[in-house]
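Have a look at the structure first.

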Amino acid sequence: MKKIIGLTIPLIAGLINLAWAQNTISGKIFDKETKEPLVGVSVFIPNTQLGATTNNNGLFTLTSEQPFDSVEVRYVGYQTQKLKAEQGKNVVVALSSSVTSMQEVVITASREAQSRADVPMAISKLSATAINDSKATLITELINKVPGVAMVNLNNEQHMMSIRQPMGSNAYFLYLEDGIPLRAMGVFNHNALIEMNVFAISGIEVVKGPASSLYGPEAVGGAINFITQKPTAITTARIGIQFDQWGYKRVQYGTGGMIAKKVGFYFGGFYAKQQNGWMTYSDYDKNSINARFDYDLTKKTKLILAGSFNDYSSDMSGSVDSIAFYARQYVSTSNFTYRKVKSLRSRLSAEHKWNENNNTTLHLIYRDNTIAQNPAYGIRWTTGSLTATGEINDNSSKSKAFILQHAAEIKPIRTKLIAGVSLDNSPVTYDSYRIDLFAKLRPGGTSVEQYTMDKERPDIKIADYDATLVNTAAYLQAEVKPIKQVTITLGGRYDDMSFKYNNYIDNTSGKKSYQQFTPKLGVTYKITSIIGVYGNYSLGFSPPGLTSVFRKKPNTNPAEFYYNLEPAKFTNYELGGWASLLKNKIDIDVAVYQMIGTNELLNIKQPDNSTDYQSAGKTAHQGVEFGLTYRPNTAWMFRVGGTNAMHRYDEFILSTKTSDKIKNVNGKIMPSSPSWIANSEVTYKPKFVKGLRVGIEWQHMSSWYQNQINTVKYEDKGAFGLKGISVLNFRVGYRWKFIEVFSNIMNFTDELYAFNATRGNNVTDRTGFTAAPPRTFVFGIQYNFTGKK
């Protein structure tokens, strides 16, 4: 017995000594700005091979038999931190984003996280810091910071978009939310961002140029991916108000954190209301909510349930004529037009990591959209007439879809493969009928002072159909690194898009289908660790939208429709490069592109303001996009970005009638296409007043042609005497502990300008101006709570 005791005591003592010899540090790592957990962060002991990585919740544990007094924390796209190691204690680490944009991590270019420097295409990212500092009322204020992109504000959150295209309403770009299209293909609308929650956005990525090889139809000029707020690693809460002197008020809120060890959540949104604004008949209200729950089913599997709801109702003031515009008489010509939008989006996602080289993602998606409107753009009036017509329409769609993707890294051959399949089934209904109006004319009878309602005419249909859209697709992309400095990207996608329809106006039923393969080839070469170049070739395509196909052609009896419209196809060639100079103080990003379009869907405005659609023979789009950021120190930041571009009709027949003087616009510049778009900003965050920020921004668009025959330009002068649009915006904010106060002064010098100015090709046509707001003072206060664990 004594011998057993004598052997046991040293054994126990040895085990105790061994336990004490185990040096352990645990902690949680998250993004400093968003407080979202960072997955896959490397935590290691300097000068050793010992390390650990964070899990789905940003947690790690690092153990060593040898004592250590520090650890390094490294993550692509973030600044490296060195921490003092206190064994046995939990540490909380907030990582700051990388100083240089070339080290940013982007998702949209490949549907997988990758370094910006490995992407062979033009892509820009707006960080959470840039978004939070902007304190934007509208998404336009964020998107217009991106070089090569112009988001046209049509007031009350209505908008148009330009990415390597003229400013217009054609659906040659794609809106994504966390990588998933906001709407089903074929029912896309340029106003779809009304259905976004600006307060729930934590990042924005913009791909410029065709992205059809991954995302399919409509991603032609580019794609905008809104990355929404995820559950935070620590408890957070925000609540604030925002208002201006023109009757706009907004309450905004958001909260997130971990409910349990494996469950995280985020919930946030805003309610906005505008009354008695600077433009008559421009009231609107919007309720927008986002929610998300993340659940770690196992160490390798995560489930995500996310949803968004938007309820929007707005008066629709429309454009004004030159008399009212230049007199600053912001009076709507109608007091009966409106737009009402409701949208519900939800998804259930499963993410499974088989091992360090293979992962699979499945998204199950549901969408429910309705738009009811009496649109101002639908008013038809012929010069001199005392009557006019308009329309009331209702469009609804419900989508059920899935996207299944697998990514595999094959290290022996330095290759990463991404493959996926998708299916989208979307029943759609659309009904539109005429309304009769009275027109009160201005002296001379060449323009209308006021339209008023006469009666609704549901017996006279403009469009009346239902259809079931089905889009099936498969895609594959390979990224190969034959040598360390070179990345070759080769990908392609096959789409089969079809719809069965019933057109109740001409009592026809049928089916149409479009098939297309869209390839992409790109190469990136890192000349040094701070300089790189790339080139790519890609194709994009976009079938005509349903509302284009099933609207009656103007002045046809019996009714004729656009059944023969062809899909638009685009071929894009691009060269670009980037550099990070003077120890990351200067970032430069440049892209040169040429995109040739065939069968591009274009519209011809008729004398009564109706629209005739045609598939143009050939168009050309070419330009240079550039961005430069200079950070001389931590207090100052200078940013310049923009594009010089040309958009031209190469072959476009307007008329085949011998009596018409102008039969084509071959060689003409496309309307609403400024040759120069620029956005620049200076931001100052002084060290001696912690929490203070001051910034001034300049937005410019050069003059543009208003019509297709290039006879009239919009070339009013703005700030600095520049023609087109030239405005200054001023921003200031101060944060002290949990309280943040801010003010934005938009159109600082109170310029008179129009967001958009267009007219038809006829001699009697007059310009319609979408007036921009006069100088606007935005004020806000926000409470920001951040927990400690």
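Which side chain meets Glu-681 in a salt bridge? That of Lys-145, at 3.2 Å from N to O. Heads-up: this is a predicted model, where local features need pLDDT of at least 70 and side-chain atom pairs count only at pLDDT 80 or more, while totals for chains, interfaces and linings use all residues. Residues are numbered from 1 along each chain as its sequence is written, and side-chain values use heavy atoms, with hydrogens and water left out.

**Salt bridges**
- A search of the whole structure turns up 32 salt bridges (a side-chain nitrogen of Lys or Arg within 4 Å of a carboxyl oxygen of Asp or Glu).
- Glu-681 and Lys-145 are both buried (under 20% relative accessible area; exposed is over 50%, partly exposed in between, with a 1.4 Å probe and protein chains only).
- Asp-587 and Arg-631 also meet in a salt bridge, 3.2 Å from N to O.
- Asp-587 is buried at 3% relative accessible area, and Arg-631 counts as buried at 16%.

**A salt-bridge network**
- Arg-434, Asp-436, Asp-454, Lys-455, Arg-457 and Asp-459 are linked in a network of salt bridges.
- Within the pair Lys-455 and Asp-454, the closest N and O atoms are 3.3 Å apart.
- Lys-455 is partly exposed at 40% relative accessibility, and Asp-454 is partly exposed at 34%.

**The sheet**
- β1 (residues 23-31) pairs with β7 in the parallel sense over six bridges, and Ile-29 has Val-93 in β7 as its bridge partner.

Notes: Pairing = 2+ DSSP bridges. Helix = DSSP H or I, 4+ residues; strand = E, 2+ residues; numbered from the N terminus.
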